Amino acid sequence: MNEDQKSISVEQTLIYHNPHQRSINRIKLLNWVSAYQKRKSPLLKRKVEDRKKDLYFAKDSQLGKLESLQYSYGNTSSEILNKNQENIFIPLSEPLETGKSIRFNLKYQIQLPDARFTGYGIDVNRIVLKYFFLVPDTYENENQSNAFYRDTEETANAGSFWKVNFQIPQNWKSYSNLTQKSESEFEGKSVNDPEFQLSKEIYPEYQLDIEGQKINVQLGYQITEYQRQTLAFLLPTHLKFVKARVGNLPDKLFITQKFLNKEEFIGIDDVKFWKFKYQLFTDYEKTDLDYFSAISKKIMDEHFITNKTQEHWLKNGLKSYLEIQYLKDFYPNHRLLGNLPDNANLFGIKPLKIFYASKLKLSERYGLAYHYISTQNLDQQINTPFYKLSNFNTTAISQFEMGSLLNYISEYQGTDSFDFFLKAYLSSAYGTKTTGKDFLDDLEKFTHGKSAFLGQMMAKKHRINFNLKYIEEQKQNYLVHIKDKNASKIPLKIESEDKNDEKKIYWKEGNSQINDTLTIPKENVNKIVLNDDYAFPEANFRDNYLYTKGLFSNTKKIRFKLVKDVQNPEYDEIFLTPRLTFNAYDKVLLGLNFKNQGIFDQKFDYSFTPYYSTGTGKLTGSGAIGYSILPPNSFFRSWNFAVSGSYFHYNTNLAYKKFGAGTSINFNKDPRSAIGRSLYFSYNYYDRELTPLMIENNLYSKYNLWNLGYSYSDNRLIHEKYISTNLQWMEDFQKISAEAFYRWEFSKDKKISFRWFAGYFIKNDTKNTLFNYGLSRVSNYSFSYGLLGQSATSGILSQQFILAEGGFKSMFNTSVNQFVTSLNVDSHLWKWFNLYADAGVYKNKNRATQFIWDSGVKVKVVPDFLEVYFPVASSLGFEPGFKNYGYRIRYTLVLNLGALINNLRRGVY
């Protein structure tokens, strides 16, 4: 460690063995400290995709880099000048033959990055070193292709022998996953990539005896005294449990804070809201589950060598399998929400008890996570390279789905039999290289081909579905009719259940028949279930339940539920949700929404909301029915069809009716990407009530609108883009428009945006200005904008601003019937304050072309949802000097909770 404690000087001797099937003229070394760059590195790209911008806006002094590099071998010595590449190639004076080795010396200096970027580097009172030293690539291909660091715990150099001696200040300590020989010296074979931690602190350590084996568990962070005492009891339990299933245990386990944060048990943290805190699980349970999860993964990491980029699912799946077995033994009756339904108390009432989610088992989380992402058609095949998985899929697919499949095979084969295989396989693979193919082949051989479906499922996005069609009653048995979709050779778990909830399990052998039957003894059977508790990752669980007796025999029961919930697949559920909204003419609207879709998306959905209008004393409302086609592998992600209708008031005692039908295609996308593309077509019919004066003025009462459009959006961090084009027509007009939006974060939390709009009437024979383009205020003839006062021309409701069409904030009291183009600029000024400026050109029929502009200050109360515009100067003059300036202030107000939630959760997936 250098005196600045921000860099290290390294003297390294490396013996390189040529692993290739040919002689080589150069040696590739991974220089992954150079991944910490602010521009164009795969690491930076991934962090931006995750909506983390610390690295992008980092200072040069916070970045990592290789500052110098000299090498020598034999009589050759030289210096590498291009040190900024993640892959450094050292030329050889003569070819190195297959299997031969060469010894060479390296001398280099590394500037360490700030640990906030990846968890590795300089942190408070400690330095964590991993992926910083120059090493050969364990999985280097024959072409010696470049390999890049993305902070996905990829395999860099595993299987090598390391001997490391640190020179650090006297008050510093050193820690590592390698065997410690002295205060500052470590050595050993790196089954996992070696990691080191230098610190001024002394961390907890446990010396354990597990069935005669001495095991050292070293933590790289401080814990509470309660955790210290609890872990002294729990760690032996964890290690014995895992050892019984995997055979060998490593002699040393080193757990860093980063590793614990990444591998802890997901979903058991306390719920914190404002000043309130609700505990889902006790401190003991959280410590138990978090550390069992971390210990299981750490043992897998230190157990065998595998390519964690390509075959991530092997270690991750085994970790989840061990978790599932641990839950079966120690938490069989614990719920997904833990103690929260009992602890959340409101005036003596426990409201969460009414939710089906409060009744779900903790062990069901594995199937639920996969089911959630697959219903959105955003799942990925299991063998997708890890860095290409979305954030959600790194857990839902690589861990949970794979773990569920292993558990399914275990239940089918018999848990003792499967664990015998697992222990034998992992014992033979201990400390060596293995592959996912070897594991699957050995498993298939052990199960006599019963697990052959597993490899097929992993190689594609599957949409397997077991459909319980109907039950045929016989004298002594029930003949169960089952239809399999895409489920060739997959075994099926079937349960019969009586009124006392006692269950019996049956297995149907996997075969290639689409329609099949199974005989089950009657024995007071009340219900028959396929794959209960989300045991197998199916596309649809709602056709897995049938009753044998009563009014609902051979069908599903209907159930009404208050408030949106996780769907209970046993019932056809209708969710009832109170609604409260407002507009200037209906006033407060009190409604009740009826819909069949809960937390999980469904292909067929409907939503009907009748409202009582307090302003008119009449019933109003809206409704829609939709259906989506979601092919697992196609050029589009979803093809949606919908019909809808609504009835509200748009002026005092004047109502409108709207009936529509449309279709949209959302094109396929990389689940890690923020890019979305869609094509849509719609038809809408409108029927507006008019006053006698409106009729006299020849206003439109009934009209049809057709729309054809395309949109492209890229919601990534730093550079946000949106492009759309639309063609709209009816009997009296045809118009085309285009819009482009770009927002750039030029400095941390400081943004500037540009929006361009252009609209042109191809044909315009309209009777009035209803369908004109708006400059300052849109004409909401399609009733698609969230205007509180649809027809307001004065007062605070008329000051509501919608960023559409011309997008001017100053009140230009005119509209456009020929063409308009405008540019809207909005830039950060200070804290909540922005500067805006708009400029544009428009032309009306038989009028000269006009140029207008405006400028002012915007206050961001809630960015993109509640903002206030104060005009300053415009084509109208210096606006603060106008007598009615208060009426010129504009505001945006988006009353769409769903849009706000989607905005906040960007980067989660």
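User: Leaving aside its neighbours within four places in sequence, which residues is Lys258 in contact with?

Analyst: This is a predicted model. Lys258 has its place in helix α3, which covers residues 257–263. Once the neighbours within four places in sequence are left aside, the residues in contact with Lys258 are Thr118, Gly119, Tyr120, Asp151 and Glu153.

User: Which backbone oxygen does the side chain of Lys258 reach?

Analyst: Thr118 is among the contacts of Lys258. At 2.5 Å, the side chain of Lys258 reaches a backbone oxygen, and that atom belongs to Thr118.

User: Is Lys258 buried or exposed?

Analyst: A residue counts as buried when its relative accessible area is under 20%. The relative accessible area of Lys258 is 17%, so Lys258 is buried.

User: Is Asp565 buried or exposed?

Analyst: The cut-off for a buried residue is under 20% relative accessible area. Asp565 has 2% relative accessibility, and therefore it counts as buried.

User: With which side chain does the side chain of Asp565 make a polar contact?

Analyst: The side chain of Asp565 reaches the backbone nitrogen of Ala357 at 3.3 Å. It also makes a polar contact with another side chain, at 2.9 Å, and that partner is Lys561.

User: Leaving aside its neighbours within four places in sequence, which residues is Asp565 in contact with?

Analyst: Ala357, whose backbone nitrogen is reached by the side chain of Asp565, is one of these residues. With the neighbours within four places in sequence left aside, the list reads Ile354, Phe355, Tyr356, Ala357, Phe575, Gly598 and Ile599.

User: How many helices and strands does the protein chain have?

Analyst: For the protein chain, the counts are 13 helices and 45 strands.

User: What is the radius of gyration of the protein chain?

Analyst: The C-alpha atoms fill a box of roughly 95 × 85 × 55 Å along the principal axes. For 909 residues, a compact globule would have a radius of gyration near 29 Å. The value for the protein chain agrees with this, and it is 32 Å.

User: What percentage of the residues in the protein chain are buried?

Analyst: Lys258 is buried, and Asp565 counts as buried as well. Of the 909 residues in the protein chain, the buried ones make up 53%.

Notes: Residues numbered from 1 in each chain as written. Predicted model: local features only at pLDDT ≥ 70, side-chain atom pairs only at ≥ 80, totals over all residues. Heavy atoms only, no water. Helix = DSSP H or I, 4+ residues; strand = E, 2+ residues; numbered from the N terminus. Rg over C-alpha atoms; globule rule 2.2 N^0.38 Å. Buried < 20%, exposed > 50% of the residue type's maximum accessible area, 1.4 Å probe, protein only. Polar contact = N/O pair within 3.5 Å; in protein donor to acceptor, adjacent residues only side chain to side chain. Contact = heavy atoms within 4.5 Å.
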